[in-house]
Amino acid sequence: MRTIPKSSDAALRARGLRLTGPRRVILEVLRGTESHPTAERVYRFVRRRLPRVSLGTVYRNLRLLVAEGLAAEIPGPHARFDANMDAHHHFTCVRCGRVVDVAGPLAEPHAEVLRVRIAARTGLAITHHRIEFFGRCPQCRSTKSRQRRTRHSP
Ligand SMILES: [Zn+2]
Ligand SMILES: [Zn+2]
């Protein structure tokens with residue numbers, strides 16, 4: 001369940017950011033989707049409303065929104081962006097690349113044990129960690145079972 005965010009304008013103004021057209025539209029695009037779009041995909045959406053915006057502008061503003069805590073970056077070969085700032089995990093489908101939100105539990109006792117053990121063994125000061133899930137989404141699972149049925153049928 002997502003919390004209803006403040007209006008994008010109010011959120012930007014609260015952080016003293018200028019309300020440039022691209023910045024506001026980028027935040028609205030991000031808040032209007034749960035698909036965790038890449039910068040290129042955000043760019044394509046933003047261009048529908050601001051045909052002259054450049055990819056560089058989109059990148060710059062995405063980075064700024066992340067720095068200001070208004071969006072999160074999901075690292076990977078193609079970084080994805082998320083305006084859902086509630087604590088949550090992600091599931092990536094290894095077949096179609098879809099990224100979906102997965103709710104908690106977020107406080108994992110095992111992770112805390114692991115953190116203490118790693119810190120003691122290595123001297124690393126661990127500030128946070130991330131849990132990611134990978135596998136096949138329901139659509140890809142059903143595609144696969146259909147293919148299997150087809151292949152094995154006489
Ligand atoms: Zn999939
Ligand atoms: Zn997410």
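At what angle do α2 and α3 pack, and how far apart are their axes? This is a predicted model, so what follows is computed from predicted coordinates. The angle is about 120 degrees, and the axes of α2 and α3 are 10 Å apart. That makes α2 oblique to α3, the cut-off being that 65 to 115 degrees counts as roughly perpendicular. The crossing of α2 past α3 is right-handed.

Now the residues at that contact. From α2 we have Pro22, Val25, Ile26, Val29 and Leu30, and they meet Val42, Phe45, Val46 and Arg49 of α3.

Let me stay with α3, residues 39-49. Which of its residues are buried? They are Val42, Tyr43 and Val46. These residues lie on the same side of α3, because the arc they cover around the axis is only 100 degrees. As a reminder, an α-helix has 3.6 residues a turn, so residues three or four places apart point the same way. On the face turned away from the buried side, α3 carries the exposed residues Glu40 and Arg48. The cover over the buried residues includes α2 (21-31), along with α4 (55-67) and β2 (80-82).

Next, the sheet. Three strands make an open sheet, ordered β4-β3-β5, with mixed pairing. β4 (99-102) and β5 (132-135) are the edge strands, each pairing on one side only. Ignoring direction, neighbouring strands of this sheet are turned by 25 degrees against each other on average. Between β3, residues 89-93, and β4 the pairing is antiparallel, over four bridges. There, Thr92 stands opposite Val99 of β4.

Conventions. Residues numbered from 1 in each chain as written. Chains lettered and ligands numbered in written order. Predicted model: local features only at pLDDT ≥ 70, side-chain atom pairs only at ≥ 80, totals over all residues. Buried ≥ 20, exposed ≤ 12 C-beta atoms within 10 Å, placed from the backbone. Helix = DSSP H or I, 4+ residues; strand = E, 2+ residues; numbered from the N terminus. Arc of directions from axis to C-beta. Contact = placed C-beta atoms within 7 Å. Pairing = 2+ DSSP bridges. Axes fitted to C-alpha atoms, helices over the stretch in contact; angles between N-to-C directions. Parallel < 35°, antiparallel > 145°, perpendicular 65-115°, else oblique. Left-handed = near helix turned anticlockwise from the far one by under 90°.
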